[in-house]
Amino acid sequence: MKNKEVAELLNRMGDLLQIKGEIVFKTRAYHKAAENIEALGEDIAELEAQGRLSEIPGVGAAIQAKIQEYLAKGKMTAYEELTKEVPETLLDIVNIPTVGPQKAKLFYEKLNVKTMEDLRRAAEAGKLLTLPGIKEKTVENILKGIQIVAQGQERMNLGKATDVAEEIIALLKAIPEVRRISPAGSLRRGMETIGDIDILVESGHPLKVMDAFVNFPQVKKVNAHGETKSSILTKDNVQVDLRVVDAKSYGAALLYFTGSKSFNINLRQIAIKNNMKISEYGVFAVTNDKEKYLAGKTEEECFAVLGLACPPPELREEFGEEELFSGKKIPKIVELKDIQGELHVHSTYSDGRHSIAQMVEAARRRGYSYLAISDHSPKLRVAGGVSVADLKKKKKEIDNLNSRLKGFRVLLGTELEIDTEGNLDYNDTILKWFDIVVASIHSGFNQPPDQLTKRLVNAIEHPCVNIIGHPTGVHLGKREPYQFDFNKVCQAAAEHNVFLEINAFPLRLDLNSHHVYYARRQGVKFAINTDAHHIDHLAYMKYGVTIARRGWLTAEDVLNTRNVTELLKMLKKK
DNA sequence: GCCGTTTTCGGCCCGACTGTTTTCAGTCG
């Protein structure tokens, strides 16, 4: 799919136009079109082939022609022309915190600064100070900004962000002046990766809360310290932004700071159509330039005056927008308490840290009624794949446990290796011993997409395979997903009643929410598993449920919301 | 450059913080 490439190019074009000094609405049009293309569930080349490019919101005649040229010839003349006027390297400069298009333009035009290195030298030589509106403090911030970019501040996964946020929130809660408190931003929406952490507090004494916040022991650096908004960098380089508002604005502020950006813009437009205005301070009726406060104490109240139901934060994303603002009732999406068991965990039979009995005990403590112990198969040597001889022992151990346990069922599972040729580990006779088979790829990530697609589809078509484990192989921030035809895999999975896994391990979160949203519309069903290698990992289930919610899944769409009888019946449907 | 239930022109989301000014521009979310 060329969607990402096209979006990237349009984004760059928007940025360059901004530096060039084009009107903001024109540059915004490029960014808007890029956003919509990135959120597209379909292949943009496919849309073009069907003559449906103009159906993409924000794509009009001019941008459409540019996309067509790029898809046909692999280049965009307008972009190439533009880079002759505005050097591409200025995009790196805009990326520096505190430096935006205006300053980049100024530095380029007055000092011929083209690269980040040029800028650093100009700043250190004091040349920037000769420019209007630039004094020592600005130069200092630019140099700091360059350093931050050089360090490369990475996005963290949802698990780490949750841990950091919980620690800070616990400290804030201990301040007597803090009343309501909540995470906001991408963390509250449950995104797979988080850039910085937003926290919202209700308090009548904002200054006291802010002063305490910027003096927490975790703070390495204070970026901003105001009455309603402060921003710090923690010792492990996580940016945390705190906003403090009063009771009558808390709901409106929570709504606003939760986003997404695109969701907020949609809401504001709905407000305008109804002669209202919405900001972080509340929803207001607007008549003859006068504003009257209508709502703001809670999110529900704000949505209600706009005539809308309050959507769960996980749904407030661009890719579900059409469905969200269609006026149709929002379905009841899956919750953590719907989960009745897990189907992909490891034990000491392969590379898990705990015995089957210990894993089962931990699962029972979580209120589950079943657990499939799905250890690796022999071909994955590094993970101690289970030999056939050990498998017999394992089966006996599980049978013994089941004869003793009441109201709980241990299932014999396997995480079955799909080898580089697309063959499965264990022969068909042995595969029939398992209650459940999770087939996964752990090798040959760099094969051509066709080959990877073939391996996955092969596995799906095998009569014993029930689930495809961590379907894209991504390790967030560490390893790119392997490339394959996701659409073909979805079609095969839907056809053969094979469930795609939402792997809840924070490093993976694979499938991601885009995949889930798209696959659900292809008729795919899912299983949410933690891939636990330790009893503590079972707690990661909440992250998997978050991804499922972001993909608009109901309990119906998820295999392990069923009780064990229904579960086994569904597995037989292959 | 896009878009339309006040439509084919004239709008296009809103506000805080910083650093520079002395009323504001730029950046950020």
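This is a predicted model: local features need pLDDT of at least 70, side-chain atom pairs count only at pLDDT 80 or more; totals for chains, interfaces and linings use all residues.
Axes are lines fitted to C-alpha atoms, for helices over the stretch in contact, and angles run from 0 to 180 degrees between N-to-C directions. In the helix pair, helix 20 and helix 21 pack at an angle of about 5 degrees. Near DNA strand B, helix 14 gives the most residues to the surface.

**Helix 20 and helix 21**

- Helix 20 covers residues 449-461 and helix 21 covers residues 486-495, and their axes lie 9 Å apart.
- Angles under 35 degrees count as roughly parallel, and the angle here is about 5 degrees, so helix 20 and helix 21 are roughly parallel to each other.
- Helix 20 makes the contact through Thr453, Leu456, Val457, Ile460 and Glu461, while helix 21 brings Lys488, Val489, Ala492 and Ala493.
- Sorted by class, this contact of helix 20 with helix 21 has 6 nonpolar, 1 polar and 2 charged residues.

- Strands of a sheet pair through backbone hydrogen bonds, either parallel or antiparallel.
- Here 3 strands make an open sheet in the order 8-9-10, and their pairing is antiparallel.
- Strand 8 and strand 10 (290-295) are the edge strands, each of them pairing on one side only.
- From one strand to the next, the twist averages 30 degrees.
- Strand 8 is joined to strand 9 (residues 282-287) by 4 bridges; Ser279 has Gly282 of strand 9 as its bridge partner.
- Helix 14 packs on this sheet and touches strand 8 and strand 9, and the direction of helix 14 makes about 155 degrees with that of strand 8.

**The hairpin of strands 5 and 6**

- Strand 5 and strand 6 form a hairpin, with 3 residues between them.
- The two strands run antiparallel and are joined by 5 bridges, strand 6 being residues 229-234.
- Ala224 stands opposite Ser231 in strand 6.

**The surface near DNA strand B**

- There are 38 residues around DNA strand B, and those that come nearest are Gly60, Gly100, Gln102, Lys135 and Gly226.
- Elements that each supply at least two residues of this surface include helix 2 (24-38), helix 4 (61-73), helix 7 (101-111) and helix 9 (136-151).
- Strand 5 (219-225), helix 14 (261-273) and strand 8 (276-279) are also among them.
- Helix 14 gives 5 residues to the surface, the most of any.
- By class, the residues of the surface divide into 14 nonpolar, 14 polar and 10 charged.

Definitions and conventions. Residues are numbered from 1 along each chain as its sequence is written. Chains are lettered from A and ligands numbered from 1 in the order in which they are written. A residue is near a molecule or strand if its C-beta atom, placed from the backbone, lies within 6 Å of it. Ala, Val, Leu, Ile, Met, Phe, Trp, Tyr, Cys and Pro count as nonpolar, Asp, Glu, Lys and Arg as charged, and the others, Gly among them, as polar. Angles under 35 degrees count as roughly parallel, over 145 as roughly antiparallel, 65 to 115 as roughly perpendicular and the rest as oblique. Two residues are in contact if their C-beta atoms, placed from the backbone, lie within 7 Å. Two strands pair if DSSP finds at least two bridges between them.
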